[in-house]
Structure formats: structure tokens, C-alpha cells
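Please read this briefing alongside the sequence and the structure, which are shown next.

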Amino acid sequence: MLGIGYLSVPLKLHALITSYPFGTTSSGQEVTCYIFRYPSGMEIHLLDYGLTIHKLLIPQEDGKFRDVVLGFDELSSYEQTHPYFGCIIGRYANRIKEGQFEWKGEQFRLSRNDGSNHLHGGPQGFHRQLWTLHEKLEEGLVFTYTSPDGEEGFPGDLQVEVRIQMTADNRIRFDHFASTTKDTPVNLTRHEYWNLDQRSGKSIEDHQVSIRAEHYLEVDKEGIPTGAIKRVDEMMNFTSLKAINTGRKEGYDHNYVIKQDALEVPIARITKPDHSITMQLFSNSPGLQFFTANNLGSWEGKYGALADRSPGLCLEPQHFPDAPNHPNFPGPFLLEGDTFHQIIIYAFEF
């Protein structure tokens, strides 16, 4: 599949990648957590359920770790309906208006799980699937999932492959590949909620963010693009680092149009007020959803109750929301015989 061979012998993990059982799903599937350990001491704990980053631990000067992603302690909490803490999103990230689109004269109707709209692949999207470990790379792992024709209303068997690789410079790279048996819209992303302070109940509104974009998509009251691409004004401008709380009181849930020069140039950056931890984001995606979770609701996380307002922020590289219904947006359709390839890289400085 997609040029990656399968193992025919028992898997032997690299010395820097270990694993342990994380529990059993309500349907009886055994879930594994894989720990990626970096020479710097940084650790990433990844579940094969939803390819969820359960923990991302940054070593501190006092010898302790700071976990910079939101999540839960127990598998049962990840199985419930939650705000997509730390998982992969697909088959189509973000919203599709009224859960429908037309392609080559045929109308397709999708599941609706956000009022009358389709959101993040539907209630049983990629975030709710147990992914199969198929191969060990020198510094990473390859996972696969086949989304069957008709799943959540999407056409075609979609074969998806995710390569996850670590490097010595505190980067983790996700390569998303997909092929299909029928033309279908594909829009994958990751959905970490970042909080570089880790303290329970602590908001991220003092975090500083930059986004490499001079335009964003205008949306209606349901978060659906109107089709208009607007130039950033003072409130929406993150072309240089600034604190989140200096912007809109209602927060942000907007898709930015990314200026793509080269993969070596970060499309976004997050840092603590004291700059002791910084994360840079690299991607080849045309858009970036910036979400500050202003009304996330009440959740009991790994370290206690989360802040009701902005406990974490999301930076989601992706195609534009509702792109199947907007011919002026970059095309989101994967054609039969073609290969989808998306790159997402998180790079940490501490």
C-alpha cells in the first residue's frame, strides 16, 4: 500500500520507542501506548486509538516534566464524545455545510454531527478508530487504516497510511498518505490542544502565537465559510508574535490562508510568555485552523478540571473547511489513482 511494505515477522521496536498496554475499548479492542523518547529527554506518548497524543513531556531544569497537551487519564474518557483531544481527524477535517456536497453531478450526503453540518469526519471518524501498526522505521512507526466505501457517507475505500518519525532535534513528523477507489474529498489534520503551562485550570490566553498568513476565511454564525477571503485586520493579524488575549474577546475559530514558501519555514509558532518553551509548526497544507476553545465546557483532564475558557489552543493544518462546496477554494478532492500526501511537523525548543 502506497509504497510501504508490511512486516511478515514479529515487530521489534527501536531502542528509543517502547510500548505498554493502555486498556481495552468497550468493544474489546486492546489499545497500546507507544513512547517516543528523545536524546534531550522529551517524550511523546501516542495511542493507536485515534493516533492520539496522550502526553507530550518537555523536561524542565528541576528534573521534572511538563506535559503540554490536554487529554485524559483513562481510555474510557477518550472513547466518549469529547472535543477531539490530541487525535487525528478525517476523512474530512472541519465542517461541510449541511453534510452534503456534489461531485460530477452526483449528490453525496454525509453524517451530521454539528447541528445540520458535518464535522471532523463524523461521529465515527478517524479519531474513533483503532489504527493498525504495520511497520517499524529507523526512528518511527507506520500506522494504517482503511475507511470503507460509504463510511460516514463518503465515497470510495480510502486507504490511509500515517508515518510518524522522530529526530534528534526535538521534532516529530507526521506524513499522511491516502489513496482511494473512488473520487472523494480528503482533509486530514491533527487536533492537539496545546497548553505550555500545564497547570490545571490555567488558560492559554497569555500564550503568544504567530501565523504565517495575511488572509483568512470569512465564516457565518455556524462557522461555515461564506466563500469570501478577507485580509487580516488588527484583531486577526498574527503575522508576528502576540498574546492571544490582545485580540478578540470571543476568541478565535478561523481558518487562515497560509503563505507557503518552503517546508523549512514554519507556518505558525506558539510560545510561553517567558519563552521557556516554544513550538514551531511546519506543514504543506494550504490552510490552518486557529481555535482558542473559548467555550470548551467542563472537562476533567489528566491533571484535574480544565479551565472553562481557553484551556488549550489548536493549530490545525488542513484544506479549507467546506471546500467541496466552494469551487474558488483549493481543490479537496482526491481522485482515483492519485495519492494524497500531507506533512505536519512539530518542532520544540526548550
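S77 is found in helix α1, which covers residues 75–79 (helices, H or I of at least four residues, and strands, E of at least two, are DSSP runs numbered from the N terminus). This is a predicted model in which local features need pLDDT of at least 70 and side-chain atom pairs count only at pLDDT 80 or more, while totals for chains, interfaces and linings use all residues. Residues are numbered from 1 along each chain as its sequence is written, and side-chain values use heavy atoms, with hydrogens and water left out.

**Two individual residues**

- S77 counts as buried because its relative accessibility is 18%, where buried means under 20% relative accessible area, exposed over 50% and partly exposed in between, with a 1.4 Å probe and protein chains only.
- Not counting residues up to four places away in sequence, S77 touches F72 and H82, a contact being heavy atoms within 4.5 Å.
- R171 lies in strand β14, residues 171–180, and is partly exposed, with a relative accessible area of 27%.
- Residues up to four places away in sequence aside, R171 touches partners that include Y38, F282 and Y346.

**Nonpolar cores**

- Of the 58 residues in the largest nonpolar core, F36, L56, W194, I211, Y256 and F290 touch the most other members (such a core is a set of buried Ala, Val, Leu, Ile, Met, Phe, Trp, Tyr and Cys residues joined through side-chain atoms within 4.5 Å).
- Strand β13, residues 158–167, gives the most to this core, with 5 residues.
- A second, separate core of 17 residues includes F85, Y193, L296 and C314.
- Leaving aside neighbours within four places in sequence, L56 is in contact with residues including M42, V68, W194 and F348.

**The largest pocket**

- The largest pocket has a volume of about 620 Å³, the volume being the space filled by probe spheres set on grid points that are joined across faces, edges and corners.
- A pocket is an open set of points on a 1 Å grid over the protein atoms alone, where a 1.4 Å probe fits, with protein on both sides within 12 Å along at least five of seven lines, and lining residues have an atom within 4 Å of a point.
- Among the 32 lining residues, R95, Y252, D253, F291 and A293 are the closest to the centre of the largest pocket.
- Strand β18 gives the most to this lining, with 4 residues.

**Confidence**

- The chain averages a pLDDT of 93, and 95% of the residues score at least 70, pLDDT being the predictor's confidence in each residue, from 0 to 100.
- Over residues 3–11 the pLDDT is below 50.
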